[in-house]
Amino acid sequence: MYQERNKPILLPKTLQSVADIPDFPFATFEEFAAAVRDERTAVWTQFHFRVFLTLSSWLERILVLVALSSGVWVAVAFAIAAFVTGQGLLVVGVVTALLGAWTASPNFNLINGCLPFVTTFAGFPAALITGKPILVVTGYASIGTWLVTGLGYVFASLQVRGAMLESETMLLWLCEQGAVGKVYKIEAPEPDPAVWPPPPLSPE
């Protein structure tokens with residue numbers, strides 16, 4: 001996942017073990033890794049450009065950077081189209097494209113996607129009222145860049161989540177860089193004494 005030539009810079013400078021990580025809920029790296037694989041912990045990751053460059057190959061860098069800059073590419077395309085065709089309404093696509101990219105995150109939900117969804121669906125009534133179908137296209141620019149940019153963040157996050165299980169040294173380095181943030185232990189619910197243990201099976 002990461003290049004051999006990058007190994008020297010992956011050594012942590014201040015953290016010596018998981019015990020040095022503030023508020024880390026696990027005593028050992030092995031316990032943490034097992035909890036992640038068993039889905040008994042929640043890990044908050046954050047995109048950091050330097051970490052992404054370290055963990056990715058050249059092809060991955062190109063694909064993710066294109067995705068993360070999709071808002072800019074689409075905005076430039078709308079600006080050029082507006083200039084060439086003389087349709088001033090195409091400038092709306094510049095705003096909606098940048099809006100979608102700005103609100104993107106690795107978590108696809110209605111909270112961070114509220115503005116892109118509203119902008120996209122608003123294009124339909126706006127097109128009917130004004131008689132300008134191009135407003136539908138400018139609306140879709142918002143949800144499109146939101147999805148593509150978000151997928152770029154998702155891929156970068158998956159790289160961090162895979163790398164943090166490689167070794168304790170890698171986890172410590174990622175924590176120092178801020179790529180791995182808060183770690184939460186998911187506690188198993190306590191059994192209800194009213195129904196646990198289950199009653200014995202009655203003989204047939």
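Let's start at Glu 31, which is partly exposed in this predicted model, with a relative accessible area of 32%. Its side chain meets that of Lys 185 in a salt bridge, 4.0 Å from N to O. From there we can look at the other charged pairs and then at the nonpolar cores.

**Salt bridges**

- The model holds three salt bridges.
- Glu 31 sits in helix α1 and Lys 185 in strand β2, so this pair links distant parts of the chain, 154 residues apart, and Lys 185 is partly exposed at 34% relative accessibility.
- Strand β2 also carries Lys 182, while Asp 23 lies in the segment before α1, 159 residues away.
- Lys 182 and Asp 23 form a salt bridge whose closest N and O atoms are 3.6 Å apart.
- Lys 182 is partly exposed at 33%, whereas Asp 23 is exposed at 60%.
- Arg 40 and Asp 38 make a salt bridge as well, at 3.5 Å from N to O; Arg 40 is partly exposed at 37%, and Asp 38 is partly exposed at 48%.

**Nonpolar cores**

- The largest nonpolar core has 24 residues, and Phe 24, Phe 32, Leu 171, Leu 174 and Val 180 touch the most other members.
- At least two residues of this core come from each of α1, α2, α7, α8 and β2, with α8 giving the largest share, six residues.
- Beyond its neighbours within four places in sequence, Leu 174 is in contact with Val 51, Leu 55, Val 160, Ala 163, Met 164, Ala 179 and Val 180.
- Another core of seven residues lies apart from the largest one, and its members include Phe 78, Ala 82, Ala 97 and Ala 141.

How values were computed:
Residues are numbered from 1 along each chain as its sequence is written. This is a predicted model: local features need pLDDT of at least 70, side-chain atom pairs count only at pLDDT 80 or more; totals for chains, interfaces and linings use all residues. Side-chain values use heavy atoms; hydrogens and water are left out. A nonpolar core is a set of buried Ala, Val, Leu, Ile, Met, Phe, Trp, Tyr and Cys residues joined through side-chain atoms within 4.5 Å. Buried means under 20% relative accessible area, exposed over 50%, partly exposed in between (1.4 Å probe, protein chains only). Helices (H or I, at least four residues) and strands (E, at least two) are DSSP runs, numbered from the N terminus. Contact means heavy atoms within 4.5 Å.
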